[in-house]
Amino acid sequence: DDTVKIINLLQKEYSKKILFKEIGSVDAEGITKARQEMLNQTKSDWFLIVDGDEVWWRGSIEKVVNTIQNDKSFKALVMPVFNLLGDIYHYQEESAGRYHFLGKKGHMNLRAINRKIPGLHLKHHYPLEGFYDKDEKLLQDFNDGSVKFIDAPLMHFTHLNRSSVVSEDKMVVDRARKLKHELGILFPKDFKYPEVFYLQRPQIVPSPWNKASLGYNIRAAVETPLRRIKRRLVK
């Protein structure tokens, strides 16, 4: 897709803030290795994980930064996620979330991490990779209060069709499998989307305001009841 072109456009304006290295197609093991290399090159006290299919509110970023600056008692932050379905106007029910953190279950992710955790490293292959400490303990399993949940939501596009590329590349195939046909919950009419959606954008960046197609909605109407029944039967 046009991701590299978009990054090159941004680098013209933010050349001192963006370090970009293109590594080409990788398998599941390669993704973990690439993320470990990024961790190795990180020099800041804290780092924020931002996947290519996420969009953040400015207020969420500010809340993360303020929490880090004002509270030194924790090692990582977990935040809620809106998993979009079909388009940016609908999101998946919370009961569909499979992540478990701090006694909570639903749509959430570990995103801000203190780099000075002793022995911090990545382990296992995508999409099951995780951050572990020197004792091989997974960060989200810390039960000493050092992992904190904060109400700083983000939007996740993992179930939307984000590229028209047709390829035999394994990762493109995996991405196609994540496209989910399901009727989501409609955001309120006065819902405020992330600020970036309202900004001017280069022509190569498509509009985020397109609605799901009729074909998508018909298929979603058929598959949604089956998905919801399965969720309630399989805990």
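**Reading a predicted chain by its definitions**

Of the 235 residues of the chain, 37% count as buried. This is a predicted model, in which local features need pLDDT of at least 70, side-chain atom pairs count only at pLDDT 80 or more, and totals for chains, interfaces and linings use all residues. Residues are numbered from 1 along each chain as its sequence is written, and side-chain values use heavy atoms, with hydrogens and water left out.

Q: Why is methionine 79 called buried?
A: Buried means under 20% relative accessible area, exposed over 50%, and partly exposed in between (1.4 Å probe, protein chains only). Methionine 79 has 0% relative accessibility, so it counts as buried.

Q: Which residues is methionine 79 in contact with, leaving aside its neighbours within four places in sequence?
A: Contact means heavy atoms within 4.5 Å. By that test the partners of methionine 79 include Trp56, Val64, Met108, Phe149 and Leu154. Methionine 79 itself sits in strand S3 (residues 76-85); strands (E, at least two residues) and helices (H or I, at least four) are DSSP runs, numbered from the N terminus.

Q: Why is histidine 124 called partly exposed?
A: Its relative accessibility is 40%, so histidine 124 counts as partly exposed. Histidine 124 is placed in the loop between S8 and S9, and has a positive phi of about 80 degrees although it is not a glycine. Most residues other than glycine have a negative phi, and most peptide bonds are trans.

Q: What kind of peptide bond joins tyrosine 126 and proline 127?
A: The bond is cis, with omega at about 5 degrees. Proline 127 lies in the loop between strand S8 (121-123) and strand S9 (130-132).

Q: Where in the chain is confidence lowest, and where highest?
A: The scale here is pLDDT, the predictor's confidence in each residue, from 0 to 100. Helix H4 (residues 170-178) is lowest, at a mean of 54, and strand S12 (residues 185-186) highest, at 98. Where pLDDT is low, the predicted coordinates should not be read in detail. For the chain, the mean is 88, and 92% of its residues reach 70 or more.
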